[in-house]
Amino acid sequence: MSVLIEAIGFGIALGAVIALGAVGFTVQFGISNVLNITYGALLTVAAYLGYYLLQLGWNVWVALAVTSVAMAVLSVIFNRLLLAPLSRRGTSFVGVVIVTVAAGIILQYCVVAVAGPDTVSYGQLSGSTVKFADLVFTTSQLIILAIAVVLMVALHMLLTRTQFGRAMRATSANPVVARGCGIDTDRVIDVTWLISGALCGAAGVALAISTVTFDFTLGPTFLIYMIAAAVLGGIGQPHGAMLGGMVVGVVSQVASAYSNPAYQDAYAFAVLILMLLIRPRGLFSAGTASARRLAG
Amino acid sequence: MRRRGTAFGMLAAGVAVSLAVAACGSSNGGKSSGSGSGPINVGVIGPMTGPAAEIGNLMSGACYAAVLDVNKAGGVLGRKLNCDLVDDTGDPADAVPNVTRALATTSNLDMAVGLESNTAATTIPLVNNAHIPMVSTNGLVAYDKTKDAYFWRMTPSDDQNGAAFVAWAQRKGYKRYAVVFQNNIGAQGNEPGVVAAVKKIGGTMTTNITIPGDASSYSSVVAKVLAGKPQALILAGDPQTSATFLSEYRQLNGGKVPPVVTSTDSITPAYFSAVKKVMGTAYVTHDMAFIGSFVSPTSPAFSIYKKAVYGASQIKDPATILGVGVIASIYDGINLMALAMDEAHSASGPVYNSKIEKIASGVPGAVVVNSYAAGLAALKAGKQIHYEGVDGSVTFNAYHNSPGNFSASGFTASGNPVLLGMIPGTEVQQLLS
Amino acid sequence: MVVLLVYLGTDLLAAWGLNLEFGVTGVVNFAYIVLVAAGAYFYSVFTLGSPAASGGFQEYILGMKLPVVVAIVASALICGVLGCLIGVTGLKRLRADYQAMVMLVISILATTIIGADTGLFDGNAGLSLVPNPLASINLATRGWYYVAMVAVVCVIGYLVLRRFTGGPIGRTLRAVREDEDAAVAVGKNIIGLRLVVQAVGGVYAGLSGALLVGVIGGWSPSSWEYVETLALLTAIIVGGLGNDGGVAIGTVIVPVLILQGVQFLPQIHSVPGLTEDLGWIILGLLTIAFVFLRPQGLIPEHRPRYGPRRRAGASAVAVAGGPAGVTLADAPVTVAGGPAPVVVSDRPAPADPDGNGSGPPRRHLAELVALRPAEAAGTANGPAGGAAAKPIITVTGMVKRYGGVHAVDGASFSIDAGRITGLIGPNGAGKSTALGLISGFLRLDGGQIEFNGRDISRLPAFRRARLGIVRTFQLPREFRALTTIENLLVAAPGQRAESLAGLVAGASLWRRDEAMLVERATGLLETFGMLHVQDERAGHLSGGQKRMLEVMRALMVSPRVLVLDEPMAGLSPALSERVEAACRELADGGLSILLVEHELRAVERLCERVVVMAQGKVISEGRMAELRTRKEVQDAYVIG
């Protein structure tokens with residue numbers, strides 16, 4: 001029993017990292033309808049940015065905040081410079097995917113050119129564990145959980161309690177109608193990319209804390225988990241992505257505790273595919289999906 | 001995106017083949033040229049780029065050292081020796097076109113070294129079919145009983161290495177082992193040897209687990225391993241995987257981590273820096289043993305080798321090269337093949353191949369030589385020679401294998417390898433019998 | 001050189017297969033490389049002997065030592081089946097973006113399982129010592145034989161591919177790519193078509209993998225990661241989406257770009273590997289530049305032209321009495337009794353190239369539409385007859401909910417055979433939903449729909465279209481990349497060229513049918529005054545022309561019930577009149593029409609009976625003139 005509880009705890013810690021990234025990915029997908037593969041490379045950039053700030057002797061929390069802000073700005077620039085022009089030209093879905101892949105490769109090798117191909121590490125943040133009954137967490141895991149909880153609660157408040165959150169959800173559901181209702185959709189899109197970028201920055205740093213050691217392939221490797229989590233929760237659904245991240249994290253850790261760990265990812269992905277066979281639009285998507293149908 | 005695209009990588013390499021062929025205007029159909037003029041090329045076939053580039057770097061270093069010595073002694077048959085680096089990228093799909101190209105377009109490619117595990121099964125047949133003698137450092141068990149005539153190996157296969165892990169752990173007094181292997185090629189090759197050896201010595205394997213590489217967390221795996229209360233970790237993984245695993249182990253076990261026994265594949269600067277950052281210098285220098293092919297630092301050949309490694313201008317990290325025993329077999333192999341050419345008076349593979357075994361094992365009455373220069377001088381004096389290199393005396397079996405003895409090494413505080421002890425080959429073979 | 005050509009050939013096969021799936025049919029299959037890997041894997045385990053016999057250092061299943069030809073064919077076929085299986089994930093009508101992401105995940109899942117499973121795949125080590133198919137040939141010349149073999153497979157592959165990408169089936173597949181819903185609306189079984197295409201794509205992938213692994217001699221899981229699919233997609237987009245030749249060029253060019261990019265860079269020795277990194281950066285920049293500067297690819301997809309000359313020839317065949325002529329001949333029996341054909345064109349028909357009089361006579365619209373005799377007979381009373389018309393579609397208690405909202409809430413009404421039934425109501429009344437339910441585009445949550453007494457509530461949309469219930473869309477959904485006339489041709493029902501027989505026998509089977517269709521399509525275009533744009537891409541037409549095209553395309557399906565969703569919205573008065581006249585003529589010819597329209601005067605002129613909906617319910621029905629006076633109708637319009 002305690003093995004299970006322990007594994008669930010680890011799964012939640014892992015899920016927190018994935019959820020951070022998945023939420024950033026999903027809000028951005030919801031607003032732009034772009035399968036943004038560059039997101040993986042941006043995660044890497046964030047992890048390295050955090051690394052350099054820590055090298056300067058900065059505190060983890062400050063480094064995290066600065067990285068998030070920097071990534072937020074970078075994301076907006078990325079959208080304005082590359083994706084927005086493509087969508088104005090009506091480039092096909094796959095055409096845009098190819099461009100984001102290309103941009104990802106460029107960023108990734110820029111990182112290599114600057115930081116080199118070897119692994120780097122944030123070092124040991126602290127060495128102790130904290131126990132809650134049967135749950136055991138390492139300090140790093142607690143830091144990650146704290147980051148995730150704070151950001152997720154903040155995002156939840158933003159989405160549900162503010163005027164802007166409503167505008168964002170409206171734009172995500174149907175930009176044309178939203179514009180018609182007097183929403184400044186351009187601004188909403190910019191701010192969404194800011195939020196997505198900030199989450200991407202936080203996720204990159206959290207990922208680096210979690211893996212301890214990483215190299216320039218960090219982001220693309222984990223992007224796939226985030227995509228899985230986002231799809232699991234229903235694309236464009238921040239709350240779904242949070243849950244999806246948890247599911248992916250917990251399933252893989254529990255699977256790894258009870259069976260051959262080499263298959264841990266396979267279990268997580270299999271859950272995704274099973275779920276899609278039952279609910280083709282993800283866990284959280286009933287509302288918008290039918291709304292889209294109506295509009296069509 | 002971890003992999004650097006292959007479908008097109010392959011094609012790109014293919015285009016390069018055609019351009020190269022067009023440029024040189026010569027394709028000798030993959031046959032060893034043998035009698036030619038100009039420098040003799042040593043094909044160093046290994047991963048020069050990609051995730052395993054570090055191995056390629058070590059291989060080419062050993063080649064530069066050997067070439068330095070051979071050329072200083074006047075070359076082979078009056079011709080200079082030259083290292084020709086052939087990038088197999090560590091991926092068979094890229095290796096095949098790259099090696100094919102090298103075989104087709106490099107003039108006087110008369111000997112080959114390297115051909116490590118990831119690509120060996122696809123590249124060795126190509127080289128063998130081209131009738132080019134090669135000294136391979138691969139660890140594939142398959143080549144324990146090969147019939148390839150041009151294949152020679154002076155280093156152990158992976159399962160023997162695995163058994164040597166256990167031999168060392170046993171010598172250190174550990175009885176309970178947790179076996180944790182990353183699911184990549186080398187690691188999976190070691191596992192059967194470990195399992196067999198643990199059984200043989202009557203030790204306990206508390207866990208035997210395969211983990212995926214580069215995961216963001218191994219907490220659940222660590223919890224499982226911890227539950228078995230192991231005295232030693234037999235761990236094989238890349239630097240990032242090992243660092244993540246060990247760091248989580250330390251956090252979840254109140255700062256304590258049992259000693260690690262692993263392979264000399266990991267005795268690299270990248271591994272040192274990755275693990276040191278999360279585990280601290282004390283752990284890395286005291287609690288990690290790296291098992292591999294034995295190289296005696298006191299043998300006469302070693303001092304010559306060391307001098308060459310420090311003397312070759314192309315080598316940037318001589319200490320690492322000296323510390324990896326497997327790599328010394330490349331230096332030895334080149335000397336051996338060069339001497340075989342001298343004795344056969346030919347650089348043609350089919351002609352000098354048979355001399356390799358003769359010089360390595362020696363015939364009664366042969367003069368023992370420890371360097372190329374000494375060997376060449378003895379040959380010129382009309383004597384039979386027996387080359388005893390850095391790897392010591394080599395006895396090839398019917399399958400052109402000579403596993404030799406094993407070493408255990410550790411890191412110094414500055415990250416350089418240091419010899420901890422020797423494990424006799426016979427002891428290891430016994431564990432597998 | 002040998003290796004280059006073999007790789008080129010196998011890449012070509014893979015790129016063609018993916019182009020058929022993605023470029024032509026629009027199936028986004030990010031897991032394509034998995035199929036290539038599977039082809040290579042199955043070839044390996046089929047040709048290898050038992051694990052023990054081949055050295056005992058690797059684990060795998062099967063090890064059947066099959067003859068190589070059998071192994072290649074079997075691997076290709078298995079991949080065809082696997083392609084279908086991957087296609088099944090699309091069966092649930094996953095949105096394209098979901099599919100894309102799921103495919104990515106499947107790709108990774110495959111890599112994970114392969115890496116972890118030593119029993120089946122020998123883990124990350126992969127399989128070695130895979131026999132070369134031409135092992136019996138002497139090594140020195142074997143390479144060129146291999147090239148020849150791959151070349152032969154490529155040539156055959158190309159010829160077979162053309163059967164799918166060219167001709168009417170290629171047109172249909174492209175229609176599926178351009179707009180799935182519109183393709184369903186003209187009766188295309190897109191799920192079936194997709195599965196076929198994915199099976200064929202799978203076979204190409206399998207062949208590619210088998211031939212590749214034959215020359216490499218080893219199967220390594222790391223060679224087949226999802227990036228490879230993206231590289232193939234890049235080649236397709238650079239070469240020219242949907243163009244087999246362009247894709248071939250793209251396959252050659254993309255790697256050359258990589259190579260050249262790196263070659264022209266100075267080697268920077270101080271930082272090892274930097275040059276290579278820059279090479280990748282340049283590749284990325286080139287790809288982006290390509291998508292921006294030449295989005296259509298090097299050689300854009302080209303469409304056949306049906307110029308006037310061609311048409312004249314086609315007419316001759318038709319007049320001579322092709323097989324379809326028999327069907328057409330039946331229609332005029334009733335039409336003859338009706339009023340004289342209305343010339344709906346507001347300008348003289350374009351001059352006949354052969355001179356006046358000698359050209360084929362102007363055809364009745366009903367004839368062009370190939371109205372089916374059954375309906376024609378059903379309207380024996382004639383539209384003028386006051387007797388109650390027989391219903392052709394009866395809707396009872398129809399319900400559609402979205403979450404808690406009842407978009408249609410127990411609506412019941414009928415559509416009269418051979419007449420124009422109007423459906424009006426304020427915004428949000430549920431008209432469009434009702435229309436979607438009748439045509440099968442939305443699933444019914446309750447109630448029943450009967451067509452000629454048969455319950456069709458559960459029939460998928462394309463089957464309803466094949467029965468003759470054909471809808472148009474409120475916002476025109478033309479197949480943008482197809483020409484105007486192709487938009488019509490593609491809609492024709494029961495094309496033999498789309499059948500298996502058509503694929504096997506080739507053009508000889510369908511050339512005549514096609515000529516008949518061209519004749520019908522040109523007739524329609526002429527009637528609606530759009531002959532001059534027949535070879536324009538439909539995406540380039542004006543808004544009004546697109547609307548007309550929408551109606552014409554529906555007519556091309558030979559409908560029995562035409563469901564028009566606001567066909568006149570946004571049309572100029574002249575064009576509106578043309579559509580109105582066409583509706584009238586068609587109804588006179590025996591076609592049943594359900595007209596959803598905001599322009600109430602047109603509804604009044606055209607419809608004898610009008611159904612009024614509000615808030616998901618039918619609130620009234622009758623003649624328009626009466627309805628105007630009814631209070632509930634007035635209220636609905638004022639409040640709604």
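Visitor: What makes β9(B) and strand β10 (residues 288–293) of chain B a pair, and in which sense do they run, parallel or antiparallel?

Guide: In this predicted model, β9(B) and β10(B) are joined by four bridges in the parallel sense. Two strands pair if at least two bridges are found between them, and four bridges were found here, so the term applies. Within this pairing, B:Val261 stands opposite B:Ala289 of β10(B).

Visitor: How do you know that strand β8 (residues 232–236) of chain B pairs with strand β9 (residues 260–263) of chain B?

Guide: The threshold is at least two bridges, and β8(B) and β9(B) have two, in the parallel sense. B:Ile234 has B:Val261 in β9(B) as its bridge partner.

Visitor: What is the hand of the β-α-β crossover from β8(B) to β9(B)?

Guide: The crossover is right-handed, and the chain passes through α8(B) on the way. The term is used because the path from the first strand over the helix to the second runs clockwise when the strands point away from the viewer.

Visitor: Why is B:Phe181 called buried?

Guide: B:Phe181 has 23 C-beta neighbours inside 10 Å. The cut-off for a buried residue is 20 or more, so B:Phe181 counts as buried. B:Phe181 is found in strand β6 (residues 176–182) of chain B. Its C-alpha atom is separated by 42 Å from that of B:Asn71, 110 residues apart along the chain.

Visitor: How many residues of chain B are in contact with chain A?

Guide: 29 residues of chain B are in contact with 40 residues of chain A. A contact is called when C-beta atoms lie within 7 Å. The elements of chain B that give two or more residues to this side are β7 (204–211), α7 (219–227), α8 (239–252) and α9 (269–279). Of these, α8(B) gives the most, with nine residues. By class, the residues on this side of chain B are twelve nonpolar, eleven polar and six charged.

Visitor: What are the domains of chain B, and what is the separation of their centres?

Guide: The domain assignment gives domain 1 (7–154 + 303–387) and domain 2 (159–295 + 408–432). Their centres, taken over C-alpha atoms, are separated by 31 Å. The contact takes 15 residues from domain 1 of chain B and 17 residues from domain 2 of chain B. On the domain 1 side, the largest share, four residues, comes from α13(B).

Visitor: Which domains does the assignment give for chain C?

Guide: It gives domain 1 (2–224), domain 2 (225–302) and domain 3 (417–441 + 467–639) of chain C. Where domain 1 of chain C touches domain 2 of chain C, the contact takes 24 residues from domain 1 and 15 residues from domain 2. On the domain 1 side, α1(C) gives the most, with eleven residues. That side has 16 nonpolar, six polar and two charged residues.

Terms used. Residues are numbered from 1 along each chain as its sequence is written. Chains are lettered from A and ligands numbered from 1 in the order in which they are written. This is a predicted model: local features need pLDDT of at least 70, side-chain atom pairs count only at pLDDT 80 or more; totals for chains, interfaces and linings use all residues. Two residues are in contact if their C-beta atoms, placed from the backbone, lie within 7 Å. Ala, Val, Leu, Ile, Met, Phe, Trp, Tyr, Cys and Pro count as nonpolar, Asp, Glu, Lys and Arg as charged, and the others, Gly among them, as polar. Domain bounds come from an automatic or database domain assignment. A residue is buried if 20 or more other C-beta atoms lie within 10 Å of its own, exposed if 12 or fewer, and partly exposed in between; C-beta atoms are placed from the backbone.
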